[in-house]
Amino acid sequence: MLLNFLLSEHCGECKTCVRNDDCELQQLARELGIKEIKFAGEETECIIDESTAALVRDSGKCIKCRRCVTVCNEIQGVGSIFPQGRGFESNIGPAFDQELADVPCVQCGQCSAVCPVGAIVERII
């Protein structure tokens, strides 16, 4: 049931996503036999942040697992991204809805390495 809720608000552009066939959300859906979304609900607002030279952040794909927050704050010690808001309005990103280029992000790429979906990816040149 929880996976159905995650899928219902996830921006489902799987065929064009860089994480297609390497996505933990897709893998879980396959393992649990979920072939269609049961709940037709409102999707989260899709904000694409392409402000840095190394990373692209797509809030519409974020499943709010907080892996990026943990690696940025506790492992790298940078502290550029945080959970903000509550409930459906919650999001993961730089404080005060800033872009990554406007916070002390060092563009190490560790957030993209731990992201289970395509919410933060390395820029493809």
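The legends below accompany close-up views of a predicted model.

**View 1. Helix α1 and its buried face.**
Helix α1 spans residues 2–9, and its buried residues are L3, N4, L7 and S8. When the helix is seen down its axis, these buried residues fall within an arc of 140 degrees, so they line one face of α1. In general, an α-helix has 3.6 residues a turn, so residues three or four places apart point the same way. The cover over the buried residues of α1 includes helix α2, which runs over residues 24–31.

**View 2. N4 and the residues it touches.**
N4 belongs to helix α1, and with a relative accessible area of 6% N4 counts as buried, because that value is under the 20% limit used for this class. Once residues up to four places away in sequence are set aside, N4 touches I34, E36, K38 and F39.

The buried residues of α2 are L25, Q26 and A29. Seen down the axis of α2, these buried residues fall within an arc of 100 degrees, so they too line one face of their helix. The buried residues of α2 pack against α1, whereas R30 and E31, on the other side of α2, are exposed. Just after α2 comes G33, which takes a positive phi of about 75 degrees.

**View 3. V18 in the loop between two helices.**
V18 lies in the loop between α1 and α2. Leaving aside neighbours within four places in sequence, V18 is in contact with V121 and I124. V18 and L28 are 10 residues apart in sequence, and their C-alpha atoms are 17 Å apart in space.

**View 4. The largest nonpolar core.**
The largest nonpolar core holds 22 residues, and those with the most contacts inside it are L25, C68, I81, C111 and V117. Helices α1, α2 and α3 are the elements that give two or more residues to this core, and the largest share, 4 residues, comes from α3. L25, which is among the core residues with the most contacts, is also one of the buried residues of α2. Which residues surround I81, when those up to four places away in sequence are not counted? I81 touches C68, V69, C72, N73, G93, P94, L100, C111 and I120. Both C68 and C111 are therefore partners of I81 and, like I81, among the residues with the most contacts inside the core.

**View 5. The largest cavity.**
A search of the whole structure finds 3 cavities of 30 Å³ or more, and the largest cavity contains about 120 Å³ of space. This cavity is lined by 17 residues, of which C62, C68, C115, A119 and I120 are the closest to its centre. Strands β2 (55–58) and β4 (91–93) each supply at least two residues of the lining. By kind, the lining residues of the largest cavity divide into 11 nonpolar, 2 polar and 4 charged.

**View 6. The second largest cavity.**
The second largest cavity has a volume of about 100 Å³. Its lining is made up of 15 residues, and those that lie nearest its centre are C72, S80, C105, C108 and C111. Helices α3 (67–75) and α4 (110–114) each contribute at least two residues to the lining of the second largest cavity. The lining comprises 10 nonpolar and 5 polar residues, with no charged residue.

**View 7. The largest pocket.**
The largest pocket has a volume of about 320 Å³ and is lined by 14 residues, of which L7, C14, Q26, A29 and I34 lie nearest its centre. Helix α2 gives the most to this lining, with 4 residues. The residues that line the largest pocket divide into 7 nonpolar, 4 polar and 3 charged. Among the residues nearest the centre of the pocket, Q26 and A29 are also buried residues of α2, and L7 is one of the buried residues of α1.

**View 8. The second largest pocket.**
The second largest pocket has a volume of about 240 Å³. Of the 15 residues that line the second largest pocket, T44, E45, E89, S90 and N91 are the closest to its centre. How do the lining residues of this pocket divide into nonpolar, polar and charged? The lining of the second largest pocket holds 4 nonpolar, 4 polar and 7 charged residues.

Key
Residues numbered from 1 in each chain as written. Predicted model: local features only at pLDDT ≥ 70, side-chain atom pairs only at ≥ 80, totals over all residues. Heavy atoms only, no water. Buried < 20%, exposed > 50% of the residue type's maximum accessible area, 1.4 Å probe, protein only. Arc of directions from axis to C-beta. Contact = heavy atoms within 4.5 Å. 1 Å grid on protein atoms, 1.4 Å probe; cavity = no way out; pocket = protein on both sides within 12 Å on 5 of 7 lines; lining within 4 Å. Points joined across faces, edges and corners; volume = space filled by probe spheres on them. Nonpolar A, V, L, I, M, F, W, Y, C, P; charged D, E, K, R; others polar. Core = buried A, V, L, I, M, F, W, Y, C linked by side-chain atoms within 4.5 Å.
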